[in-house]
Amino acid sequence: MAVEAYDLAVAGAGIVGAACAALAAEAGLRVVLIEPADVASGATAAGMGHVLVMDDSPQLLRWTHFCRQLWLELESELPARVEFRRTGTVWLAASGGAMQQVASKAEKLRAHGVDCAVWGAAELREAEPALRADLEGGLYVPDDVVLYPPAAAEYFVNRARWFHARMRFGQSVTELLRGKLRLSDGSTVVAERCLLANGYGVRQLVPWLPLEPRKGHLLITARMTPVVHHQLIELGYHDSVRAPGSHSVAFNVQPRVTGQLLIGSSRQHGVADRDVDWTVVQRMAQRAREFLPSFADQPIIRIWTGLRVAAPDGLPVIGYCDEESRTLVATGHEGLGITAALGTAQFVVNLLLGQPTPLPAEWFAPLRFTGSASFQELHCD
Amino acid sequence: MTEAQVELLVVGAGPAGIAAACTAAESGVQVAVLDDNPDVGGQIWRGEKRSAPSSLAAPWLERAAKASGIQWLTGWAAVGPDGPHALLALPPGGGQLVRVAYQKLVLATGARELFLPVPGWTLPGVFGAGGLQALVKGGWSVAERRIVVAGSGPLLLAVAAYLQQTGADVVLVAEQAPWSKVSRYAMHLLLTQFAKFRQGVRLRRTVRSTPYRVGCWPVRILGREQVEAVIFSDGVRRFQESCDLLACGFGLVPNTELGELLGCQRAAGRLAVDRWQRCSVPHVYAAGEVCGIAGVECALVEGQIAGYHASGNLTAAGRLCRKRDRLRRFAGQLHQAFALRDELRSVPDPHTIVCRCEDVTLGQVREQMSWRAARLQQRCGMGLCQGRICGPALEFLFGWKDRSIRPPLFPVPLGALADEMSPKSDLPSSEKSPSASHSECSTRRLSP
């Protein structure tokens, strides 16, 4: 039997791996996608499914704006199942002085060409009457999107198939060899290059990357008449404490097409187990009830957890992680994997084809961590 | 959230739960029994406290009423485990969640009906056989309604007899198992369990004017606004039966969800237990239908074994093991006799709804490779019942296991999850506190 040789083997059929596989196959590369479970069964399924602009750092602002633009351009091609909706985001000014934060956020976004509008109390009340009455206002970002990530990932997988990509489901990559990979069933796959897009799993093959898990909880209500119309996020969402083992909770809800309300969000730094932590759930429920007092009676039908993966500088980790430029990684998107999927695919394919990346490659290069303690432990004994 | 502590927590107040609670309490163990029904008795002894209890139920209900040291938490809904030694529960009428800490746990969560999708099964007027019986026990009148009882197992005859006695016109009892197997089982009962045989004959006599047809199964349910008729097949011919209501029951499914959330191993659709009714998780026992459908006598014996063993009385527990094994063997014969036939897998068509909560059809589900894919891509099992109905059906149709169980076990209002713990000083301390690790939380004696 002839051994099939690929230009690119992608590990992980989450939304990032699937989008990368699709774009690489479309660019004419011979691609194989390797996934141990089902399409989108990891963080892609566990997350909220937002495509939004974040302004935590200038790099992140440029990155998320670029990535969102790619989604907006793809909108007309996406099947209805993806539930792509420009709900927009409303950043809520919850505390005294928060309106000042709203103003400075608006200024930052506008400077980068991101459309947004400052809402006073009256406008906010008119747009989202279910919110508690004493909020001072908020910042409305109209082009942010809410979608259903597993269906989007499946769309990319089908697109990759359409461009002749092969699938190896039920297998995981256990070892990186020169020019090939070993899979969990002992077989090998011959591939010129390999992309590791399996989230927190990347650390098993590239242990020196300083990746931190951040466990998050989500709650979902039963179906109901829609009463929330935008994605709602409490301003100061990212001001959370970042000490290992600490956890933070912020109000973040999304209306789903089904009429359900998805309620977030929590971050537990350095926690990689998947158990439901009821004290965290309690704080999330309290937060949601504070902002949406009339929701106290809404039944919660499911509670689950997922793992975000973060690098110490808060930026994604995309690029080659070896000197020979054989192995790439695409991980560390923290809570922005869905937002970043298309941008990451573009970034990866440009690297593979030797073309300039949409943003400076060194921003996200894994080799930026070669000075890190974990790298030195492994390589400088 | 408030906190309560017990030595032994029993979940489920049916025969197995009652037996476990009584034996443990009589050995001096402090016991709480939690059940979401308003009364003790479970599904099988529902309402027996009010009417005249059966000869099997009466002594146990009496013993349960007499036993001291049992707190009956009826009307309480289990929400989910909080670590290996505590369960969150919602008291009747809602309000604050209570964290019930325990040293040992007995899962006596029983079973529910197996529903298999049949074209038309979402029409009003189609019920589970046990479900319809429960409704009628609860006061719903079916007097003079024409009812077809279909599916499989001895429950069909019991339900038909009950409905007939309450004034219904049971027009047909349709058993999917073939005559050869049903008659062999009847012969087996006659020779080995005469009381059971006599009970069957008595039931049959109650509905003697109703045809009992074996070897046939529903293939389509007809009706515009509600069920009007059912088409049956015997594999060769089809026939139609008009009716106002259809009671369908294809057997029972163990309620393993809480056990699975606790990490207990599942085997062949039930919780796996050892000789002492212990699950794969230390300090967790399972008794009754949750570890395999075997009937009320077996549930009582298993409950006692669990209760005795949990209270350290190994001798008493050991004495019951042979009886349990014998009852389990009988149950095995029952399962063989009423095993579901392969033809039932081809009854639903691609347009038949499988997941009733999310309106997912068989055709949509069949495209997927696994439970997880059907859940993620089609939302199968993601609605209000969280796959309790479609999960077992798909396990039968496609052999899909590993439905992902997530808390809460039942929908819980957001407000209940949000409520603060009561201040410590408000509540008296529990007399016995098996675990010191939760000393920060307030404790109290449970009261039903």
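Reader: Which residues line the largest cavity?
Author: The lining consists of R302(A), E257(B), C385(B), Q386(B), R388(B), R403(B), S404(B), I405(B), R406(B), P408(B) and L409(B). This is a predicted model, in which local features need pLDDT of at least 70 and side-chain atom pairs count only at pLDDT 80 or more, while totals for chains, interfaces and linings use all residues. Residues are numbered from 1 along each chain as its sequence is written, chains are lettered from A and ligands numbered from 1 in the order written, and side-chain values use heavy atoms, without hydrogens and water.

Reader: What makes this space a cavity?
Author: On a 1 Å grid over the protein atoms alone, a 1.4 Å probe fits at its points but cannot get out, and each lining residue has an atom within 4 Å of a point. The search of the whole structure finds one cavity of 30 Å³ or more. The largest cavity has a volume of about 80 Å³, taken as the space filled by probe spheres set on the points, which are joined across faces, edges and corners.

Reader: Why are E358(B) and R223(A) called a salt bridge?
Author: The rule asks for a side-chain nitrogen of Lys or Arg within 4 Å of a carboxyl oxygen of Asp or Glu. The side chains of E358(B) and R223(A) meet at 2.5 Å, N to O, so the pair is a salt bridge. Across the interface of chain B and chain A the rule finds four salt bridges.

Reader: How many residues of chain B are in contact with chain A?
Author: 36 residues of chain B are in contact (heavy atoms within 4.5 Å) with 36 residues of chain A. The two chains bury about 2900 Å² between them, 53% of it on carbon and sulfur atoms; this is the accessible area (1.4 Å probe) lost on being put together, summed over both parts.

Conventions. 1 Å grid on protein atoms, 1.4 Å probe; cavity = no way out; pocket = protein on both sides within 12 Å on 5 of 7 lines; lining within 4 Å.
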